[in-house]
Amino acid sequence: MPIKNSRFINSLVSIALLLFFSLLGTPHWGQADLPREGFPLGRPDLPEVRTVKELRPGLTHVHVERGMQGRVERPKFTFLSVQRDQAGRDQMRACLERAGYTVREKVETVPDSGLRYVLTAGEFDSIEELKLAAREIPCSVQIAELPGDNRPEGPVGPYVLDIVILDPKVYKGKVISSWSETVWRASPLELALKHNAVVAINGSWFEYSIDEIAGVPSGVSIVQGLWHHEPNTRARSIHIENHEDGGISLKISDQVPPIPELKWGEGKSTKLDGIDRMPKDNELVAMRESVFMESAYTHGKLPGHIALTLISEASTGVGYFIMATGDKRAILDNYKASGNPLKLDLSVPGRTGLNALYTAQPFIVDGHPVPQGHHDVTARTAMGADADGKIYLLVVHVDTPLWDSVGAGFSELTDVGLFLGLINFANLDGGPRSTSMVIEGKVVGAPNLKPYDETRRVADVVLVIDEENYR
């Protein structure tokens, strides 16, 4: 009898362990504690697979593929032309028919406008195939999705997301912003390798060139408590702060720390107009020596209307060129005449762990979703935090020609943030030329996208760095 009981108990234990480990290995939820239902992207019936990997205690990577598996009917595409009168209709019909297409026509009544003629022609498996065919016809047409007879309504994707979830209560490390510190922009991969970061994503919006300085951020940029770029008129930014007790917080703020001042003499000071860029009309700007020496305005090419002097910044000892134009030139003239040293401190008082990145579009602020207008569906990068303080780094990939991923719009990302339980969530720089995530020294992306672009150069990045590698 004891032997039978022992076998019975052993069997129960084996079954329990089997169920336990099968749940751990289930790709649909796993260790990341995400909602079990599918992501709010595309049709609700799309198949979805999640792969969960613990990078470090308190640092988890979730790869999501939605609408890629199974037999999901892909949309087909057609030429579209909408004409307001019969003459236009006849002309477009004749053009398409001469090119060898059978024309489908629907007449619609538009309130206050009368009739309109909707012409479609052709059936193509992809937009790229349609675009190639459009080159062979002499008339101008639009692109439209061809409805399927048996296909449920709604986008079919597919969607590919990579999400890194950081729990500050468990993870031992820092979340910081970084940049190349030269005139030439750097890729997230380059900066991740330079800092030995576990994770990197591209940062905020930037200008391709402002007065010959490439990759200037479009707004606020603060790197570990030091100013890199001043705010623009839309000052809202993502604030990531590494606290002395080891905690990390994230919020979206329109509060700007004090703009640095250039000081000289007794009680004499003037706020800077710009940092790490060339001055515009009537401005006072400080630029790191490393940036200035690589700009196209150096080596004797500096315009004569710009006054210039070199100083050492107080908190770091880094060399800065102070440049002035217009009325602001008098500041440098007065300083030289006074014999007093110029002093500049670019640190944010009392906040050495502050990192700030400009966000052109917040999605959720203090638990309230922000209304979104129409925006293109493309690759996206975003960052946020939930009510427990967990920090989320997210990218949505795009590679439409291979059907690897179709990207997302702003309203879709807002829905994703609410789905994840985020109370602060905002957009970083997006589009296929900027969006990038690096994990453990490798750029991640849609699985069939080969080779994946590892050289996407951006103004700044967000890095997750282990405590032992932070310096």
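**Figure 1. The lining of the largest cavity in this predicted model**. Sixteen residues line the largest cavity, and those nearest its centre are Trp 179, Thr 182, Ala 214, Gly 215 and His 228. Strand β11 (residues 213-217) gives the largest share of this lining, with 5 residues. The space inside the largest cavity is about 90 Å³. The model has 2 cavities of 30 Å³ or more. Rolling a probe the size of a water molecule over the atoms shows where empty space is left.

**Figure 2. An open sheet of 5 strands**. The strands pair in the antiparallel sense, in the order β8-β31-β9-β29-β30. At the edges stand β8 (173-178) and β30 (442-444), each of which pairs on one side only. From one strand to the next, the twist averages 20 degrees. Strand β8 is joined to strand β31 (residues 461-466) by 6 bridges, and the two run antiparallel. Within this pair, Ser 178 of β8 stands opposite Val 461 in β31.

**Figure 3. Helix α4 lying across strands of the sheet**. Helix α4 spans residues 188-195 and lies across β8, β9 (199-202), β29 (437-439), β30 and β31. The helix runs at about 25 degrees to β31.

**Figure 4. The largest nonpolar core**. This core has 28 residues, and Leu 59, Ile 240, Met 383 and Leu 393 have the most contacts inside it. At least two residues of the core come from each of β7 (159-166), β9, β14 (237-242), β15 (248-253), β26 (380-386), β27 (391-396), β29 and β31. A second, separate core has 26 residues, among them Val 62, Val 64, Ile 165 and Phe 363. In soluble globular proteins, nonpolar side chains tend to be buried together.

**Figure 5. The surroundings of Met 383**. What is Met 383 in contact with, leaving aside its neighbours within four places in sequence? The residues in contact with Met 383 are Val 175, Ile 238, Ile 240, Leu 250, Ile 391, Tyr 392, Leu 393, Asn 424, Phe 425, Ala 426, Leu 428 and Val 462. Two of these, Ile 240 and Leu 393, are also named with Met 383 among the residues with the most contacts inside the largest core.

**Figure 6. Strand β5 and its pairing with β3 and β4**. Strand β3 (residues 76-83) is joined by 6 bridges to strand β5 (residues 114-124), and the two run antiparallel. Phe 77 stands opposite Phe 124 in β5. Strand β4 (residues 103-110) also pairs with β5 in the antiparallel sense, over 8 bridges. Val 103 has Ala 121 in β5 as its bridge partner.

Definitions and conventions: Residues are numbered from 1 along each chain as its sequence is written. This is a predicted model: local features need pLDDT of at least 70, side-chain atom pairs count only at pLDDT 80 or more; totals for chains, interfaces and linings use all residues. Side-chain values use heavy atoms; hydrogens and water are left out. Two strands pair if DSSP finds at least two bridges between them. Helices (H or I, at least four residues) and strands (E, at least two) are DSSP runs, numbered from the N terminus. Axes are lines fitted to C-alpha atoms, for helices over the stretch in contact, and angles run from 0 to 180 degrees between N-to-C directions. Contact means heavy atoms within 4.5 Å. A nonpolar core is a set of buried Ala, Val, Leu, Ile, Met, Phe, Trp, Tyr and Cys residues joined through side-chain atoms within 4.5 Å. Buried means under 20% relative accessible area, exposed over 50%, partly exposed in between (1.4 Å probe, protein chains only). On a 1 Å grid over the protein atoms alone, a cavity is a set of points where a 1.4 Å probe fits but cannot get out, and a pocket is an open set with protein on both sides within 12 Å along at least five of seven lines; lining residues have an atom within 4 Å of a point. Grid points are joined across faces, edges and corners, and a volume is the space filled by probe spheres set on the points.
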